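Hi there,

Here is the structure we talked about passing on to you. Have a look at it first, and then read on for what turned up in it.

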Amino acid sequence: MTLTALSQFSLPFLMGSGLNVWSETLVGFNVWGLPLGLIILAAIPLVFIALYSLTYGVYGERKISAFMQDRLGPMDVGKWGILQTIADILKLIQKEDIVPTSADKFLFVIGPGILFVASFLAYAVLPFSSAFIGANLNVGLYYAIGIVALEVVGILAAGWGSNNKWALYGAVRSVAQIVSYEIPAAIALLCGAMMAGTLDMQQISILQSGEYGFAHFYLFQSPIAWLPFLIYFIASLAEVNRAPFDIPEAESELVAGYFTEYSGMKFAVIFLAEYGSMFMVSAIISVVFLGGWNSPLPNIGSLALNTWTNGPVWGAFWMIMKGFFFIFVQMWLRWTLPRLRVDQLMYLCWKVLTPFAFISFVLTAIWEIYVP
Amino acid sequence: MEEGKQMSQSLKNSVTAYSIIKEHFGSAISEFDPNETMPFFEVLDVSRWTEIALFMRDNSKLQFNYLACLSGVDYPAEDKVGIVCNCESLGVFNHKLAVKIKCSRQGGSLPSVAYVWHTANWHEREAFDMYGMTFTGHPDLTRILCPDDWVGHPLLKDYKVQETYHGIKVPY
Amino acid sequence: MQELDTARQASVRVNRKSDNRVVIEKDLMTEQMVLAMGPQHPSTHGVLKLECFTDGEVITEAIPCLGYLHRCFEKTCERVDYPAVVPYTDRLDYLAAMNSEFAYAIAVEKLLDIEIPRRVEFIRVIVAELNRIASHLVAIGTYGIDLGAFTPFLFCFRDREIILGLLEWASGARMLYNYIWIGGLAYDVPSDFLKRVKEFVAYFRPKAVELCNLLTENEIFVKRTWGIGIMPADVAINYGWSGPMLRGSGVQWDLRRNDPYSIYPELDFKVPVPDGKSSVVGDCLSRHLVRAYEMDESLKIIEQCLDKIPSSEGFNSRSAIPKRIRPKAGEVYGRAENPRGELGFYIESDGKSTKPIRCKARSSCFVNLSAMKDMSKGQLIPDLVAIIGSIDIVLGEVDR
């Protein structure tokens, strides 16, 4: 079987006819007129992708940091410590669930929940392949930008509810940071949306497909696109509280920031939510600027690399690989750079990123209207 | 100083520095002890210690701008406690001189030089913590190494440790 | 409404009580928050507690509280013989135990007035300078961590590990050596030790450059430390600062050069001070740079010692150690340049006992830290962390 054949028949081949029957029954499962079965069908792969990406995100982070620091990293659980994260989660599940007596119990409990849910809600509009998207909203990008901001509520609830001064500092810093960085991030994404002329994530991906592979990606479609791309990447680091913008949890200043008081599974939930949102912003940047599920390989004469490597399953592969690539870059930065100070962070946002985002917005508009 | 041994250069410098102070303060300070390891003089008129310290720091020929060490010492034989200050003119003349000041063992008090040399601030607190003499004019005379509610001053030679501290047995 | 009024009055009352607070707007009802930084805080380098009065993120005052690691060093010294104090000096500055022992040995030898064999002096200088590099590596690595850079820390510890291995080979212990005794050494160095030290010097030179590229020239690192916690030279001297802290303020003062001891006068090394171009003189970055340059100078010193060291033929490392250490009556203030500054021992002997009457350790960290209250005023919390890191305290030496 050649690679071409794989791409054409890949979905039924991989899923098998038995699974098809099963899924069709599920699709027909409507309760009180609601397509509940469809929702379940759509949710299963999403949850699996998300959970796998974040368990291996954690493992990857430890291994990558170990590689950068001349260490080995986890080596004991499974071959090369590959099951380490699962062991960690199992351990954390068994831990006593401590709620400090002076904490605001409701906020303390609800905080990690909001964080976790918010970081996973955006997965609904991520087009994982041409055949698969959780909810194909026509305002998908808008929804994705908006839902990231919901994390702020979770962080603030966790920080305030902990009744701890360090946690409060972390929460307040985090709110200031995320709300500020929303602006350059959203404007930078708007540049991409302007190039596509739509906010539909699936449509944005489709518009970037073509036989020349990466040349159709918006990053390479206009000479200005690298600017919003960079701005969004930097702003996304701040939005998910990653180094060098990890000041809400800055361990050397605020002990652990907004999750100082958390332990056990609540801590794990916050931790997993962080990795969930890391993948989410990486996926958004690859959809808007790097073609989403499109293969970056071009067709070179008879060597039809692009045609061979496109298709629903290949699409999912490219999408996840692009997401992982950006996660890798995030980790790379984290283990290389020191942390910015609060005022420097705000300076960067309001005096550097936001003006440049506006400039790139105007330039992209000019380019889109007058040039092609 | 032993007979026949050549006086070292640093000791000569100390002697010169001492003579300037002696000239100014006369009988307020004692005779010079010209030993090789730590040449020192003693302040006899304790109340003038701050004045002497300021003179030592600000006189253009002395410029003892650096207080290397201030150690509390117990002299049970004389029934006194005191401090030893190792002063130095850092980067200017590089001469060194030690000063001893003593006060009564029970409720004795010395003038503070924390405003002359910032170094003295914490060192005087330490001396108070360990020996119990008070320093008049000190900005914040509290215990520094022992807990605030500790009983007694540990470095006194006749110090007996308290039996319990907040319900914890102290002597082991 | 009534509750609001009560709260407002309460806030006004609080404002009047505190004298050093800057009232910005009464209607905002901002209050000072007391923040206990430590003793279990990640960036207070042990068990230092800082009582911070904060207005938002701005610190109006930070008061250091010490004593959490007080182990009665001075009381213990009065109860044991002179040689038995050496292991306790290790536990003062446990990151530079060789240097602490060296300072104590110098003080007692001055009191005893004894001649030390030349090879002993060379070995002492070699191990002390090795320990200085190890200590500066910890200082630089943990400073990186304080500012959020993790990786340099592990690079530093990788190289420090080699030094600890070498010193363990010589003395039998990894951190608390008890190697430099009064009048000599516990043992001569192992036969291949000097060769290995030479190899280490060759290995470490490029690593120091790598560390410099990763941390010292990092834009964010420079931004975080540039112009933070500036200490003018005269105030620094008045505070009794010494070592890299004082040199960071631009005073070219090094006891190895200005109050020479051991064989340092024969050796050629520079006393690095900030040039005022790559940093503001007296800020956190200057202090960091001084430490980084000092590692280079220590390598130079070690190389020179390796060239000049007398052979081990007929050498007994304990030959000059007196059978019974009982100094003549008198006092001494002996000091040496530790990685963190001047470590001095004030020792008083009554001429009869084999135990010191008084043994006071003048610790450099204790003195350097006392400037904390002045330096922290009006700084942000992240800057406070940067300042504590640049002071490079070891609580074992602060609390003794």
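How far apart do the C-alpha centres of domain 1 of chain A and domain 2 of chain A lie? They lie 19 Å apart. Before the rest, some housekeeping: this is a predicted model, in which local features need pLDDT of at least 70 and side-chain atom pairs count only at pLDDT 80 or more, while totals for chains, interfaces and linings use all residues. Residues are numbered from 1 along each chain as its sequence is written, and chains are lettered from A and ligands numbered from 1 in the order in which they are written.

**Chain A**

Domain 1 of chain A covers 21-94 and domain 2 covers 96-370; such bounds come from an automatic or database domain assignment. Where they touch, 17 residues come from domain 1 and 19 residues from domain 2. Contact here means that the C-beta atoms of two residues, placed from the backbone, lie within 7 Å. On the domain 1 side, α2 (36-68) and α3 (84-94) of chain A each supply at least two residues, and α2(A) gives the most, with 13 residues. Helices are DSSP runs of H or I with at least four residues, strands are runs of E with at least two, and both are numbered from the N terminus. By class, that side of domain 1 has twelve nonpolar residues, four polar and one charged. For these classes, Ala, Val, Leu, Ile, Met, Phe, Trp, Tyr, Cys and Pro count as nonpolar, Asp, Glu, Lys and Arg as charged, and the others, Gly among them, as polar.

A word on confidence: chain A averages a pLDDT of 80, and 86% of its residues score at least 70. (pLDDT is the predictor's confidence in each residue, from 0 to 100.) Over residues 1-19 of chain A the pLDDT stays under 50, and the model has 17 contacts beyond four places in sequence for them. Where pLDDT is low, the predicted coordinates should not be read in detail.

**Chain B**

Chain B has three helices and eight strands, in the sequence pattern α-β-α-β-β-β-β-α-β-β-β. Its C-alpha trace spans about 55 × 35 × 30 Å along the principal axes. Of its 172 residues, 42% count as buried, that is, with 20 or more other C-beta atoms within 10 Å of their own, the C-beta atoms being placed from the backbone.

Four strands of chain B make an open sheet in the order β1-β4-β3-β2, with mixed pairing. Two strands pair if DSSP finds at least two bridges between them. β1 and β2 of chain B are at the edges with a single partner strand each, so one side of each has no neighbour in the sheet. Neighbouring strands are turned by 25° against each other on average, direction ignored.

Going across the sheet, β1 (residues 40-43) and β4(B) pair in the parallel sense over four bridges, with B:Val99 in β4(B) as the bridge partner of B:Phe41. β3(B) and β4(B) are antiparallel over nine bridges, and here B:Cys85 stands opposite B:Val99. Nine bridges also join β2(B) to β3(B), again antiparallel, where B:Leu70 is opposite B:Cys85. Helix α1 (residues 9-25) of chain B packs on this sheet, touching β1 and β4 of chain B, and its direction makes about 55° with that of β4(B). Such angles run from 0 to 180 degrees between N-to-C directions, with axes fitted to C-alpha atoms, for helices over the stretch in contact. Seven of the nine residues of β4 (residues 96-104) of chain B are buried, so this strand is largely enclosed by the rest of the structure.

**Where chain C comes in**

Chain B puts 27 residues in contact with 30 residues of chain C. β2 (66-75), β3 (80-88) and α3 (119-131) of chain B each supply at least two residues to its side, and β2(B) has the largest share, six residues. That side has 17 nonpolar, ten polar and no charged residues.

The contact between chains A and C takes 22 residues from chain A and 25 residues from chain C. The chain A side divides into ten nonpolar, four polar and eight charged residues.

Chain C also has an open antiparallel sheet of four strands, in the order β1-β2-β3-β9.

Happy browsing!

Key:
A residue is buried if 20 or more other C-beta atoms lie within 10 Å of its own, exposed if 12 or fewer, and partly exposed in between; C-beta atoms are placed from the backbone.
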